[in-house]
Amino acid sequence: MTEGQPVQQAQTPAPATPPIVPSYNPKGPFEATVVFNKPLHQKFYRLGLQFAGPGAEAFAKTRPGQFAQFDLSNIALPPADAIPEELKDESARQILLRRPFSFARVAKEVIPSAHSAPGQTAHPKPVSSGVGKIIAEVVYCVLGPATLRMTTLVKGNPINVIGPLGNGFTVPAGKKRALLVAGGMGSPPLEHLAQVLTLEHPTMDAIAFAGAKTKEDLPFDRPLDNLSREIGFWLKEFGRYSISSFVATDDGSAGFKGFVSACILDWLSQNALSFNPAEAIIYACGPRSMLTTIAKLARDKKIDCQISMEEMMACGIGLCQSCAVKCVAPVGGGIPAGDKSPTAETYKLCCKDGPVFDAKEIVF
Amino acid sequence: MENQIDMSVEFAGLKLANPVWTASGTCGYADELGEFMDVSKLGGFITKSVTIKPRQGNPTPRIVETDNGMLNAIGLANVGVDEFIAEKLPALEKMSCAVFVNIAGETIEDYVAVAQRLCEQKVIAGFELNISCPNVKQGGITFGTQPALVKEITSAVKSACGSKMLMVKLTPSVTDIAVTAKAAVEGGADALSLINTFTAMVIDIETRKPVLANRTGGLSGPAIKPIAVYMVNKVFNEVTKGTQIPILGMGGIRTASDAIEFILAGATAVAVGTSNFVEPNCTVKIIDGIHKYCDNHGVVAVRDLIGKVE
């Protein structure tokens, strides 16, 4: 894990009073309520979940990059004629295990007040515990029997959630520039990070890069809004936080033609004069091949880099030991789990030690 | 007002508050599960396997979901007995239920060495002998499938574990589980736990390769429950009935009714495994559910249900 303290803790020192033992399990399971389940385009959806009571207390503290485990086993399938041809076979499978999702945005529920002007958009407020309800938003892609079931969720449906789990992105001291790098379905935690950077690090100069195979594979709402593109905030998911964005597609169907790493190199060469690697940090989430390239780019350019890893997991809470990530064992620092040789590789758990790791830790 | 039900069971001389345990490898060393439930409510707790040296485990993918089940090939990843004693054992001391340490190894000497290192630890009620792990190249299931070896290893570890109880965990991947159960009893087992996972495989038809990096894994979850109930009943009828040797029944237990089936089949206590992954507090619900069943059926003590299938 990264050496840096979680952002929240760095800003507010821990209270001296002993911790109060909560009357509920701090990580759930909680019952959330669906508030919206909006199709974006292609196979992408954005799901809004409302947490109240203890669930709101727990999820108000969600850090970007953390995840939650959803129980989707009891959710109905869509009618046969609404099941895509390529999922007809898979859709017959039963769901046993929970499915992990990270969040795209977590905010206090804003109740429109009688005094606010019609159409006024509510600005996200810093989430704090103990008050109100929390809306946590997830972006998902329909890829298998579980996500197919998710498409049938409608407003008011309950969904059983465990979380927030794992460790999220952190902001080490002295960082002034953040490069948010998303590959395919890796964008939600970076969108959440954009929200949190805006709230907690308003002076951070952040920029987002989103890559995908084609424009159809970009998990955003209307990714090709040309008006937004002209004013520099192409992806409104980042633009809403005044963070400008670049799009890269392998086939050139939108934005830069090529891998997102090439797009970053291009941007770095154009901004070489104003760019100080020591003050910059890369945050990345996406397919392993992309993370491998980004980690190498960061190492070559001497830029700190945090990456969010993904592994098949059964429980998400450290019980099953499935989600092993091969890491460089620390030299001289702490005892590496599983092997005491200081130069050896070691496995860490994606769910407990990650999913966010310092890129230098990962053995690709 | 509910009636007073006696939920306690006697398990090879141990008095357990109730018959519900968590199964080895699905509940870590108790610290993780403690975030979701009061582990002191359990009747018994079995740690993840401990080996003489630390083990990193297999490459990933280590799991794959199947219909109503899952395959795992973790490969006995664990911190090793020294770090287990230093780092994990102190937390287990706080638990009020029976704590069993699952021990594994590649050779009989490995198993004996782990038992010797741990047999003086007060917190440990006994050992579960893992001779049924399907996911390691040496040891594990190789011991568990050959009756002569089952007897030999049981006897060797029994003589190394002092006053601690020895429970032998049996694999279902044999022609007749009663034969290996008998061999364990002859070797001196104080209790039997069954069943471990079934060796199984899932193939990705696009890549035409097995999904798991280990190629095969152990099948667990609700899919195996009816077979597990049958095997518990078979071992009860052919080996343990009328003896002082209890069975810890397991395999796909998700609900209280699943647990009651195992008890009726002949299990003195039951262990919950895969379901902890889905619902980490499910054991508490199962304990409550058994209580309710007893109440509804005029059963005054849960032990009266043991082996009562007609």
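Why does E216(A) count as partly exposed? Select E216(A): it counts as partly exposed because its relative accessibility is 33%. Buried means under 20% relative accessible area, exposed over 50%, and partly exposed in between, with a 1.4 Å probe and protein chains only.

This is a predicted model, in which local features need pLDDT of at least 70, side-chain atom pairs count only at pLDDT 80 or more, and totals for chains, interfaces and linings use all residues. Residues are numbered from 1 along each chain as its sequence is written, chains are lettered from A and ligands numbered from 1 in the order in which they are written, and side-chain values use heavy atoms, without hydrogens and water.

**Stop 1**

E216(A) sits in the loop between β9 (205-212) and α5 (226-230) of chain A. Helices (H or I, at least four residues) and strands (E, at least two) are DSSP runs, numbered from the N terminus.

**Stop 2: a strand with two faces**

Next, select strand β4 (residues 99-102) of chain A. R99(A) and F101(A) form its covered face, while P100(A) and S102(A) form the uncovered one. In a regular strand the side chains alternate between the two faces of the sheet. Now show strand β3 (residues 67-71) of chain A, which pairs with β4(A) in the antiparallel sense over 4 bridges; strands pair if DSSP finds at least two bridges between them. At one of these positions, Q69(A) has P100(A) as its bridge partner.

**Stop 3: salt bridges**

A salt bridge is a side-chain nitrogen of Lys or Arg within 4 Å of a carboxyl oxygen of Asp or Glu. The whole structure holds 32 of them over all chains.

Select K360(A) and D304(A), whose closest N and O atoms are 3.7 Å apart in a salt bridge. K360(A) lies in the segment after β16 (356-358) and D304(A) in strand β13 (residues 304-308) of chain A, so the pair ties together parts 56 residues apart in sequence. K360(A) is exposed, at 57% relative accessibility, and D304(A) is partly exposed, at 28%.

Move on to E361(A) and K348(A), which meet in a salt bridge of 2.5 Å, N to O. Both E361(A) and K348(A) are buried.

Finally, in chain B, select K234(B) and D176(B), joined by a salt bridge of 3.4 Å, N to O. K234(B) is buried at 17% relative accessibility, whereas D176(B) is partly exposed at 25%.
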